[in-house]
Amino acid sequence: MFVEAESDPVLPKERFKAHETRLRTALLKAQYDLLGRADRSVLIVVAGIDGAGKGATINLLNEWMDPRHIHTMAFGEPTDEQAQRPPLWRYWSELPENGRIGIVFGSWYQALLREAARKQPNADAIETLATHVRSFEAQLAANGVQLVKLWYHLSPQAQAERTKRLLSSPETSWQVTADDRKVAKKFARLRSAAEVALTHTDVPHAPWTIVPSADEHVRTYTTAEALLQALRRRKLPRVAQPRTPAVGRARTPDALGKLDYAVHVDKDEYDTELALLQGRLARASRSGGFRERSLVLVFEGQDAAGKGGAIRRVTQALDARQFDITPVAAPAPHELARPYLWRFWRRVPSHGRIAIFDRSWYGRVLVERVEGYAAPDAWRRAYGEINDFEQQLADSGAIVLKFWLAVTADVQLERFRERETSPFKNFKITPDDWRNRKKWKPYAEAANEMIARTSTRDAPWHLIPANDKRHARLQVLRHVVEAMEAHI
């Protein structure tokens with residue numbers, strides 16, 4: 001794999017100069033073409049042997065191109081704040097918008113490379129980590145992020161000579177890190193780890209380019225050509241459709257149709273139970289055990305199903321400094337310019353905090369599906385992407401609860417009419433509500449399929465008949481309290 005790179009090829013200065021003007025001009029033009037089209041973002045993953053000149057090469061690219069439209073990110077070991085969220089959170093949060101170029105140092109390959117470089121690497125751990133990497137990159141590629149992965153490599157002799165040369169001058173010695181000095185002692189192990197990582201993650205939609213790095217001209221030329229080729233590509237490579245959980249039947253079960261909508265709670269019972277549940281929630285959310293967890297609450301359901309009222313009964317028991325409510329509407333332009341899960345990744349809570357979503361990422365498989373805003377391959381792919389997202393939340397310590405508040409068509413109509421005549425509620429009714437009502441059946445079909453495909457052990461759906469608002473609010477509180485008490 002690294003035979004050519006370790007032969008340390010050389011490009012004479014005069015030959016490099018003959019290419020330099022062409023490359024600089026072509027890269028700048030391609031960058032502005034990308035900026036004008038804004039049909040994708042380009043993410044350059046920079047990795048390789050320490051001391052191979054990665055930083056110097058990327059600095060030069062910034063000089064050749066317009067750095068105002070390049071976002072360079074350097075990630076080290078996670079901070080305490082970052083460690084309280086899924087490992088991929090910090091990478092999702094920094095994704096560039098369409099039309100821009102992002103450069104990543106210290107990428108999502110760190111854990112995989114570290115495991116592969118151990119004296120006795122764990123094959124199962126390597127496969128698990130590689131699977132996570134492939135899944136992440138497949139999501140990015142399928143959602144309009146073009147990946148350019150560059151591995152900088154050279155022979156051990158060249159690495160040692162370059163380090164020695166840089167150290168010999170005060171003007172360049174600052175470029176040498178502690179890791180650069182250690183490479184020579186474990187070069188063979190690092191090479192082996194790189195072979196494992198690259199072999200496991202080289203796929204058509206996210207291929208690796210090995211950059212011979214002993215000679216700065218070869219290194220620069222190879223980097224520039226790889227980026228230019230990517231920028232000039234008009235169509236992104238197709239990503240294979242990931243498998244999604246089967247629903248187990250030829251037809252999706254009508255889970256919403258089987259709910260008992262006649263259930264009712266009288267006022268006295270409601271008041272007593274509400275106070276008890278809110279008291280338990282207040283204690284659980286303020287307990288020491290919750291400092292090591294977080295809580296993610298998702299509220300979906302038909303219009304006028306009572307999501308807002310249920311949310312308020314939850315937040316009444318919480319410290320206002322402890323939670324955030326995200327009302328989800330149509331994405332803004334800057335959100336449309338990134339993968340659709342990006343805006344939700346940015347709202348992932350740290351430990352001891354609660355994130356409440358009034359509608360959520362499920363819009364992709366509900367309104368975007370029914371109204372035709374998302375192409376069929378996009379919303380079908382979303383089931384797997386959503387399951388992966390929620391599993392990462394759970395694995396990082398989040399308690400994930402999802403509520404579908406369900407009402408019958410006649411009760412919805414009654415509430416719509418009440419909203420129209422009430423001076424306190426008429427702001428809640430919009431033309432979209434009436435329009436969506438005409439598509440009751442398609443929305444019910446989409447919701448049933450969503451529930452069947454995305455209710456998992458660690459992120460279950462709770463279906464709550466909400467014709468009676470008191471019953472619905474108590475059920476929501478009961479599920480939240482029981483889940484928190486079971487996990488803290």
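The largest cavity lies between domain 1 (2-232) and domain 2 (267-486), because both give residues to its lining; the domain bounds come from an automatic or database domain assignment. This is a predicted model, in which local features need pLDDT of at least 70, side-chain atom pairs count only at pLDDT 80 or more, and totals for chains, interfaces and linings use all residues. Residues are numbered from 1 along each chain as its sequence is written, and side-chain values use heavy atoms, without hydrogens and water.

On a 1 Å grid over the protein atoms alone, a cavity is a set of points where a 1.4 Å probe fits but cannot get out; a pocket is an open set with protein on both sides within 12 Å along at least five of seven lines, and lining residues have an atom within 4 Å of a point. Points are joined across faces, edges and corners, and a volume is the space filled by probe spheres set on them.

The structure has one cavity of 30 Å³ or more. Among its lining residues are Trp-92, Phe-136, Trp-345 and Asp-388. Two or more lining residues come from each of α7 (123-142) and α17 (376-395), helices being DSSP runs of H or I with at least four residues, numbered from the N terminus.

Closest to the centre of the second largest pocket, among its 38 lining residues, are Gly-48, Ile-49, Asp-50, Lys-54 and Asp-179.

| Space | Volume | Largest share of lining |
|---|---|---|
| Largest cavity | about 30 Å³ | α17, four residues |
| Second largest pocket | about 1,200 Å³ | α3, four residues |
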